[in-house]
Amino acid sequence: MSLNVIDGRQLAERLVEEMAEEVKTRTALGYQRPGLAVVLVGEDPASAIYVRNKIRTAEKAGLHSVVTHLDASCSQQALDDIVTDLNERDDIDGILVQLPLPAHLSEERIINLITPEKDVDGFHPMNVGQLATGQAYLVPCTPLGCLEILKREVGDLSGKHAVVVGRSNIVGKPMASMLLQANCTVTVVHSKTVDAVSLCKQADILVAAVGVPELLDSAWVKPGAVVLDVGINAIEKDGKRKLVGDVNFADVADICKAITPVPGGIGPMTIACLIKNTLVAAKQRGVKQPVVKAR
Ligand SMILES: Nc1nc(=O)c2c([nH]1)NC[C@@H]1CN(c3ccc(C(=O)N[C@@H](CCC(=O)O)C(=O)O)cc3)C=[N+]21
Ligand SMILES: [Mg+2]
């Protein structure tokens with residue numbers, strides 16, 4: 001079987017270019033530039049890199065962006081105040097508070113505090129409920145990126161057996177909702193599942209989101225399956241730091257129809273979908289301000 005390694009970087013770049021065109025058109029019509037706010041608490045180096053990537057991509061798309069960096073020891077009240085202010089700001093369409101938060105801060109409280117209209121992560125219970133009832137508005141970026149890839153690689157998903165490995169609120173659960181909405185037969189496999197391997201082996205579409213380095217090898221994959229690897233795990237190999245997914249790429253690559261690599265697969269698509277959600281939020285809010293043309 002000829003192997004198809006899905007180039008998430010290239011696809012994401014194309015999506016961002018398309019969105020940049022759309023932003024240009026909208027601003028030319030007098031709409032305010034879509035605005036994305038990212039809030040980072042603490043000094044985790046991986047989080048800092050992700051936030052920088054998000055802002056760089058937002059700028060490529062022509063968005064207005066604001067980063068708020070709070071000290072790791074900041075109070076819940078200080079974080080709440082920042083979010084409340086962003087909720088009210090007219091120049092901000094999308095708000096993302098980078099997770100995980102330091103242990104003394106409540107993620108649940110922040111997820112509930114971000115106004116659903118600006119919740120570009122799609123984590124607010126209102127947006128989760130809208131997705132679950134087929135009224136999707138803002139949906140989580142990582143599964144949305146997965147769906148974009150599947151639309152291109154598989155086309156019509158109707159009747160396909162999709163197996164999602166992992167049941168997090170961020171990836172597994174919303175991924176299962178979206179696949180169900182697209183008329184797949186959906187199985188969710190998790191740590192308490194009996195015989196996960198044989199269930200995965202039946203998948204036409206296999207989404208791995210467990211956070212265990214290279215857990216899924218060829219025994220888990222049906223020949224001809226499309227495999228999406230959501231995991232981003234830093235491991236030591238031959239004394240060097242290396243990023244690997246939840247799938248043993250080398251072992252699986254020659255039996256599947258298509259596979260996303262790590263890095264360069266789902267990660268860049270997640271960020272492209274964050275920009276997409278910011279545009280969705282901006283259009284829904286529809287803030288149009290008079291344009292004063294300098295001459
Ligand atoms: N509120 C919130 N929303 C998020 O969406 C969110 C979050 N918090 N916290 C952290 C995770 C992680 N995440 C990634 C996004 C892109 C890449 C990405 O682009 N990765 C590249 C490069 C990775 C690298 O070189 O380190 C790749 O896979 O090719 C990775 C990870 C979003 N997250
Ligand atoms: Mg996200």
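**Reading the domains, the ligand shell and the loops**

Trainee: Which residues does UniProt list for "domain: Tetrahydrofolate dehydrogenase/cyclohydrolase NAD(P)-binding"?

Mentor: The unreviewed UniProt entry lists residues 140-284 under that name; UniProt positions are given in the numbering used here, feature names are shortened, and annotations may be inferred rather than shown by experiment. This is a predicted model, in which local features need pLDDT of at least 70, side-chain atom pairs count only at pLDDT 80 or more, and totals for chains, interfaces and linings use all residues. Residues are numbered from 1 along each chain as its sequence is written, while chains are lettered from A and ligands numbered from 1 in the order in which they are written. The span 140-284 is 35% helix and 21% strand, with its end C-alpha atoms 17 Å apart. Helices (H or I, at least four residues) and strands (E, at least two) are DSSP runs, numbered from the N terminus.

Trainee: Which residues does the record list for "domain: Tetrahydrofolate dehydrogenase/cyclohydrolase catalytic"?

Mentor: For that feature UniProt, again in an unreviewed entry, lists residues 6-121. The chain there is 49% helix and 16% strand, and the end C-alpha atoms are 24 Å apart.

Trainee: Into which domains is the protein chain divided?

Mentor: Bounds of this kind come from an automatic or database domain assignment. Here the division gives domain 1 (29-125) and domain 2 (141-266), whose C-alpha centres lie 28 Å apart.

Trainee: Why does ligand 1 lie between domain 1 and domain 2?

Mentor: Both domains give residues to the shell around ligand 1, so the ligand lies between them. A residue is near a molecule if its C-beta atom, placed from the backbone, lies within 6 Å of it. In this model 18 residues surround ligand 1, the closest being L99, P263, G264, G267 and T270. The elements that contribute two or more residues are α2 (45-60), β4 (94-97) and α10 (266-285), and α10 gives the largest share, 4 residues.

Trainee: How are two packed helices described?

Mentor: One states the angle between their axes and the distance between the axes. Axes are lines fitted to C-alpha atoms, for helices over the stretch in contact, and angles run from 0 to 180 degrees between N-to-C directions. Helix α1 (residues 8-28) packs with α10 at about 15°, their axes 8 Å apart. That makes α1 roughly parallel to α10, a term for angles under 35 degrees.

Trainee: Where are the cis peptide bonds at P100 and P263 placed?

Mentor: The L99 to P100 bond is cis, with omega about 0°, and P100 is in the loop between β4 and α4 (107-113). The bond from V262 to P263 is also cis, with omega near -5°; P263 is in the loop between β11 (258-259) and α10.

Terms used
Angles under 35 degrees count as roughly parallel, over 145 as roughly antiparallel, 65 to 115 as roughly perpendicular and the rest as oblique.
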